[in-house]
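Please read it alongside the sequence and the coordinates.

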Amino acid sequence: MDAGQTLPYCSPNDTALQSSHVVPIVFSEQRYMLGGLYLVVWALGFFPQCLCLYSICHKQHLKYPCYVLMMFVSVLDLSNLTTCVLTAGIFSLLDIHHCNSGYWVIIIGYVTLWLWFAYCGAAMILALNRVLEFSSKHTSELLFDGRRCWLWVFVSLGYACLVQCTVSKPFYYYNPTEGVFNFFTLHTTPTNVNHIVNNMFTFLFVSVSYTSMRLLLKIKMRQGVSTVRAVSSLEAKLSIQTFVVGILAAFATIGYIGMSYFLFARVPLTGALGECLWASVHRGSAYIYLTMNKSMRTTALKLLSVYGGTKVTTLTATPSFVQHK
């Protein structure tokens with residue numbers, strides 16, 4: 001028996017894919033346009049993120065817990081870019097879906113959402129680390145210093161497994177014509193509650209954490225050297241970096257949910273817009289860090305100079321969080 005006949009959302013006697021909700025198709029060959037778009041979006045994000053990861057992994061950076069967490073987030077950025085736009089682009093261009101290609105396409109859907117949950121967990125842990133650096137240095141050292149920082153990687157992965165494994169009757173598949181992953185369930189109402197709760201909680205946690213960090217930084221700058229050492233220009237700039245990256249991630253999480261489940265779920269091309277919004281989180285951080293973090297930018301330029309023959313002056317690494325004395 002053909003695999004397409006036994007799987008949900010497939011037509012009874014052929015390999016055609018049936019959408020779980022009616023979304024008008026704008027162009028007759030829409031999947032080719034979306035497939036090409038996704039590949040461009042992937043290329044614009046993947047290679048800068050590789051440079052970002054290389055810079056983070058330099059030995060001068062990994063001495064600091066914050067950079068260890070950033071390294072793990074960057075790995076998840078690359079993984080999510082690969083699944084949410086590279087894989088999606090290939091699937092759309094080749095018209096690959098579970099009805100005509102089998103259960104392995106569904107497995108990729110499971111991996112795709114699991115990677116997103118892992119990213120959300122890592123983003124919240126990084127936000128916690130950043131705000132503790134400004135609010136309680138002792139607590140930050142207790143939780144993140146030394147090898148303890150590496151344990152948080154397993155916390156993030158465990159969080160992803162917990163959220164994924166508690167979804168009731170999940171069924172995740174890709175629609176190549178709409179250009180969107182559908183993370184639904186096989187209940188009468190296919191809404192994935194875990195997905196919604198995860199995104200909303202991530203939105204609230206990251207928004208509150210980075211907003212608090214920003215406020216704490218302003219307070220400490222006003223207090224001056226009487227209570228903490230003077231906040232350097234680099235640290236002030238870094239607070240803006242983390243704030244921008246955090247808010248970008250926060251609003252992307254809530255925006256994707258709105259496009260997938262609520263107000264705009266039946267509007268043409270919102271699925272594709274949601275995929276691009278999802279990808280913007282994972283490529284945006286690379287552009288922000290490489291543009292605003294001088295130490296990381298110099299490390300990346302040094303790598304490029306090896307191939308371009310240009311000499312780049314090496315800078316001394318500076319921790320990407322405020323240190324108190």
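## Cavity lining

In this predicted model, the lining of the second largest cavity draws at least two residues from each of helix 2 (30–56), helix 3 (65–94), helix 5 (104–135), helix 8 (193–223), helix 9 (233–261) and helix 10 (270–292). Helix 3 gives the most, with four residues.

Sorted by class, twelve of the lining residues are nonpolar, four are polar and one is charged.

## Annotated spans

An unreviewed UniProt entry places "transmembrane region" features at several spans, including residues 103–128 and 149–173. Residues 103–128 are 96% helix and 0% strand, with end C-alpha atoms 38 Å apart, while residues 149–173 are 68% helix and 16% strand, with end C-alpha atoms 35 Å apart.

## Aromatic contacts

The structure contains 18 aromatic pairs. In one of them, the rings of Trp42 and Phe47 have centres 5.6 Å apart and planes at 65°, so the pair is edge-to-face; Trp42 is buried at 16% relative accessibility, whereas Phe47 is partly exposed at 49%.

Phe91 and Trp104 also form an edge-to-face pair, 5.7 Å centre to centre with 85° between the planes. Because Phe91 lies in helix 3 and Trp104 in helix 5, this pair ties together parts that are 13 residues apart in sequence. Phe91 is buried at 4% relative accessible area, and Trp104 is partly exposed at 41%. Both belong to one aromatic cluster, whose members also include Tyr119 and Trp278.

Definitions and conventions:
Residues are numbered from 1 along each chain as its sequence is written. This is a predicted model: local features need pLDDT of at least 70, side-chain atom pairs count only at pLDDT 80 or more; totals for chains, interfaces and linings use all residues. Side-chain values use heavy atoms; hydrogens and water are left out. UniProt positions are given in the numbering used here, feature names are shortened, and annotations may be inferred rather than shown by experiment. Ala, Val, Leu, Ile, Met, Phe, Trp, Tyr, Cys and Pro count as nonpolar, Asp, Glu, Lys and Arg as charged, and the others, Gly among them, as polar. Rings of Phe, Tyr and Trp (its six-membered ring) pair if their centres lie within 6.5 Å; planes under 30 degrees apart count as stacked, over 60 as edge-to-face and the rest as tilted. Buried means under 20% relative accessible area, exposed over 50%, partly exposed in between (1.4 Å probe, protein chains only).
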